[in-house]
Amino acid sequence: MSFLSLIFLFSLLTLVQSQSQSPRGTFIDCGATVASLIDGREWMSDSTYVSSGTSKNLTEPNLVPILSTVRSFPLRGNINKKFCYVVPVIRTWKYMVRTTYYYGGVNGRNSPPVFDQIVDGTRWGIVNTTDDYARRMVSYYEGIFVAAGKTMSFCIAANTNTDSDPFISALEFIMLGDSLYNSTDFGQYALNLVARHSFGHNGSIIRYPDDQFDRFWEPFVLGNSAMSSFRNVPASDFWNLPPVKIFETELASRGVEPIEFQWPPASLPNSTYYITLYFANDRNSSSRMFHISINGITYYHNLSVTSDGVAVFATKWLLGGLTNIILTPAAESEIGPLINAGEVFNLLHLGGRTLTRDVTALESVKKSLENPPQDWIGDPCLPSQYSWTGVTCSGGPRIRVISLNLSNMGLSGSLAPSIANLTALANVWLGNNSLSGSIPDFSRLKRLEKLHLEDNQFSGEIPLSLGNIDSLRELFLQNNNLTGQVPNSLAGKPGLNLKIFPGNNFSPSPPSGA
């Protein structure tokens, strides 16, 4: 359960109707063939955003609309391959990405598959909906990411534990206000939701329209300590803009006594977490002051809570196992402590991005191919275990494409000149395909050592510039439709293993031994 903790598990029928203007963003009904208006917002067919997988209908009765279809991706031959949605976004904007999964027996097995989900070059975590599905529950995963470009990719990927076709029911990219979670360094981290609860609330999940961003606040009760207050708190004064409704209930002690409880309910992996706790006093005339400790460590000392409310957050707090929270009244406090709500996120270290110039060059190469590899979508290099077929990349902070091996892939089309923009390439293997057209100018590839274009349908002359690549040690061009003369700079180049026959129609004859 790396990067994955308690995610929202609740009944299929708890999705509420929205009456006012919906949150801004992109809402994708995966597997749907047409757009539809659901719960007051437009859900798009996913065909615009994904180019692989199969749309499937679930046969269960009484499913809410966004759960009635899924997009399923083939497992066979695709271990460590990713299938991606590409969604237009506004660069530097903060997005809540939410994925929804309901298996519905779509693969014909009793249990759903386990697989990975990825945002851009970052492995977000594992999708494991087995326990949820056994209880007829929906699984939701939520993360906060900042857009680094004009698009973001969300990918499904089969790992070595995946035993049937991965799938997805719905995908949302919801735009968040700039102040939300703004103490996080989103240049290095994303936030992966662990838990978000409204304490003392025992009704349905609080969401839009109470929460303008449609965040889900689950109910959390503790014995008989839930109390209704129905106070009016100026929630707009809080950076994270929580819904006012979370301040209507609380966990509170009876008398001037401590409160002790375990939250989040699930055991957590050892990691670093972002924590926000929300408080608002329900008594204008009484002093309410207390100390907060988490697992025996002081979280906040002498917190004074007024009717205007207060939020206390920690951006990097170490947690592991069960989490014990104690609210202890201060000596001068007239009444006991209370707490209204809380959020916990795992800090997810971003995996980085392939150099933009290399991404652009590969996208152009992809367009020139009539049948590029199916997984050529999303980030080409990252996560490293899910790099594109045939693409090898460098490590370190500057991720570059250093090798391209698409031999024997049955490729057709041409080879885009933009391949020369992959200036870190050392090896290119494109042999035994059906590529045609002219050979591009590779002279910008100063590190190129091996170039294999044999057994294709390239035509025209060998570029003279190939002879100017000092690092070139291997050039295979046999069995193409090349014409003209073999450049002297290649025919006589010391240390070059040059193969141009059989095939081709050079004139005059190349030097002996070539």
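1. Let's start with the surface: the chain's accessible surface is about 21100 Å², and carbon and sulfur atoms account for 48% of it. Such areas come from the Shrake-Rupley method with a 1.4 Å probe, and for residues only the protein chains shown count as cover.

2. Please keep in mind that this is a predicted model, where local features need pLDDT of at least 70, side-chain atom pairs count only at pLDDT 80 or more, and totals for chains, interfaces and linings use all residues. Residues are numbered from 1 along each chain as its sequence is written, and side-chain values use heavy atoms, with hydrogens and water left out.

3. The chain has three helices and 37 strands (DSSP runs numbered from the N terminus: H or I of at least four residues for helices, E of at least two for strands). Its C-alpha atoms fill a box of roughly 100 × 50 × 35 Å along the principal axes.

4. Of the 514 residues, 56% are buried (under 20% relative accessible area; exposed is over 50%, partly exposed in between, with a 1.4 Å probe and protein chains only).

5. Now for two cis peptide bonds. One runs from Y208 to P209, with omega near 15°, and P209 sits in the loop between β15 (189-199) and β16 (218-220). Another joins L382 and P383, with omega about -10°; P383 is in the loop between α2 (356-368) and β27 (391-393).

6. Have a look at D120 too, a non-glycine residue with a positive phi near 50°. D120 lies in the loop between β9 (114-119) and β10 (122-128) and is buried, at 13% relative accessible area.
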